[in-house]
Amino acid sequence: MGFNALSNAGASGNPTAAAVGDLNGDGLPDLAVTLPDPVNPATAPGSVVIFYNLGNDGAGNWIGFSGPSQIFAGVGVNPSGIAIGKLNPATPASRNDIVVTNRGTPGSGQSGTATVLLNGPAGPFAAAQTVVQAVGGEPLGVCVGDFDGDGRRDIALANSRPGNSAGYTGSGSVTILFNQGSAAGIWNLPVPIIIPVPSQDVPTSIQPGDIDASGRVSLAVGNRGSDRVTVLGNLGNARTPSNFSQTFVGVGAGPSELVLANFTNNPSGRLSIATVNTAGNSVSIVLNTGTAAGQFSFNPSVDLPIDAVSAGGSAPSSMTSGDFNGDGKIDLAIVTGASSPSTTLPRVVRVLRNDLLNGQLAFTALGDQAPPATPLLVRSGNLRAPNLTDLVTVNQTASVTGRGDGTRAGEKGLSTLLSNPVAGCPGDVDRNGSVGANDLTLLLGAFGRCPGQAGYNPNASFDSQPCVGANDLTILLGSYGVVCP
């Protein structure tokens, strides 16, 4: 597994959150980033910056992201979370909307807001409708999903404070804003419910998913205060707090972000949990052991220590997931390194390759990727469809517009790490470092397939031809039993 580094950069300010999704309807994932006010971040309104994906050139090479094509100022004080999804039925079908959490002054305990930027029918966010909704105290994480089964995507927020007492250091809550659709093209205000959490939790991150394979969308909430994840199990799509059961799973110290994924490729599709733990210098893996709809049970977490980055220490802080080497297994990528992004000590992107074998899950840390500026966030997306899942980092203080020229000195803002589809050695289809029976099975499963066809595996093509054929089989058999250098 390898990556080729490209660089982009954009608006000034220190980003707090980022999300990937198609915002202009061209079928390519774009990037949206939240930026608090650079002068008065805790008291002045911040902004959202959109970088549009420019796609490939005539030779099939990815061009990169645009400069900051659109900037929405005044979304709220201290924007701290962002999600992309189709919220307004009046939004053109191929475009998505944006929702942002506005934390307000950190430590105040006061109620925050959510700003919804609805995509306009005349063009991407042209004459966009903006909706502001009061939510719980100091909201941080946000996600979208259909939590009541009515076909419309709703909004869920992790509120780190209760929102009713300035300076209170106790628990927060989860707010769900149920989508009421639109009338005459105007989006109706959503209907909120508040789900209380135990006093020690302090929710900070939140992700949706069909965790129990029931067809219903549940939630996983990362709690920085209690070092655990709360699974809010959707029991029946009702718009009530009691519809969501609460299951608690311990993880490493200080979980900052989490992902849901089927790491073990179980046929049911049930989702497991991974968290990146800043205080614990670790990644926690929590495997789903449920066997029926409505059952939310998990193994105790397994913590993977994150080794220090040379002299820079280890403080992992951001996480994303995806199949970065095309072997059909979900890998992880994290940002780690020096605990303070203002230090001159290094911070890097580290990929944890999923080496699932015979039902046994294991992750292998690969070589660190050093973006041209200090990375704060890492996100993933299929930037160059239909190729592999790529990584994009959002770095500290963006200052230059346009695509980088491959140099690294002085570049800040966005850095894109493009997955390299070249195998470690000819014949190593599953990228496990050797050529054997599983590689042969995978190649035969993709035999005769070409890009865009079901069952095609780019890792099974070793020659200059994109389709998988007889020459690829000959190359694999000639390398059978070889351990890659």
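Which residue forms a salt bridge with D150, the closest N and O atoms being 3.5 Å apart? The partner is R239. Keep in mind as you read on that the structure here is a predicted model.

## A link across the sequence

Let's look at where those two partners sit. D150 lies in the loop between β9 (129-145) and β10 (154-161), while R239 lies in the loop between β17 (228-234) and β18 (244-250), so this pair ties together parts that are 89 residues apart in sequence.

How exposed is each of them? D150 has 32% relative accessibility, so it counts as partly exposed.

D150 has another partner to meet. It also forms a salt bridge with R152, and there the closest N and O atoms are 3.2 Å apart. R152 is partly exposed, with a relative accessibility of 28%.

Now put the pieces together: D148, D150, R152 and R239 are linked in a network of salt bridges. In the whole structure there are nine salt bridges.

## A buried pair

Here's another salt bridge to find in the model: the side chains of D355 and R353 meet at 2.7 Å, N to O. Are these two residues buried or exposed? D355 is buried at 18% relative accessibility, and R353 is buried at 14%. Both labels follow because buried means under 20%.

## An enclosed strand

Next, hop over to strand β20, which covers residues 272-277. Six of its six residues are buried, so this strand is largely enclosed by the rest of the structure.

Here's a handy bit of background: in a regular strand, side chains alternate between the two faces of the sheet. In β20, S272, A274 and V276 point one way, and I273, T275 and N277 point the other way. Residues on both sides of β20 are buried.

## The neighbours of β20

Which strands does β20 pair with? One is β19 (residues 255-261), which pairs with β20 in the antiparallel sense over six bridges. To see one of these contacts, look for E257, whose bridge partner in β20 is V276.

The other is β21 (residues 282-286), which runs antiparallel to β20 and is joined to it by five bridges. Here you can pick out T275, whose bridge partner in β21 is S284. β20 and β21 form a hairpin, with four residues between them. In the turn, N281 has a positive phi of about 50°.

Methods. Residues numbered from 1 in each chain as written. Predicted model: local features only at pLDDT ≥ 70, side-chain atom pairs only at ≥ 80, totals over all residues. Heavy atoms only, no water. Salt bridge = Lys/Arg side-chain N within 4 Å of Asp/Glu carboxyl O. Buried < 20%, exposed > 50% of the residue type's maximum accessible area, 1.4 Å probe, protein only. Helix = DSSP H or I, 4+ residues; strand = E, 2+ residues; numbered from the N terminus. Pairing = 2+ DSSP bridges.
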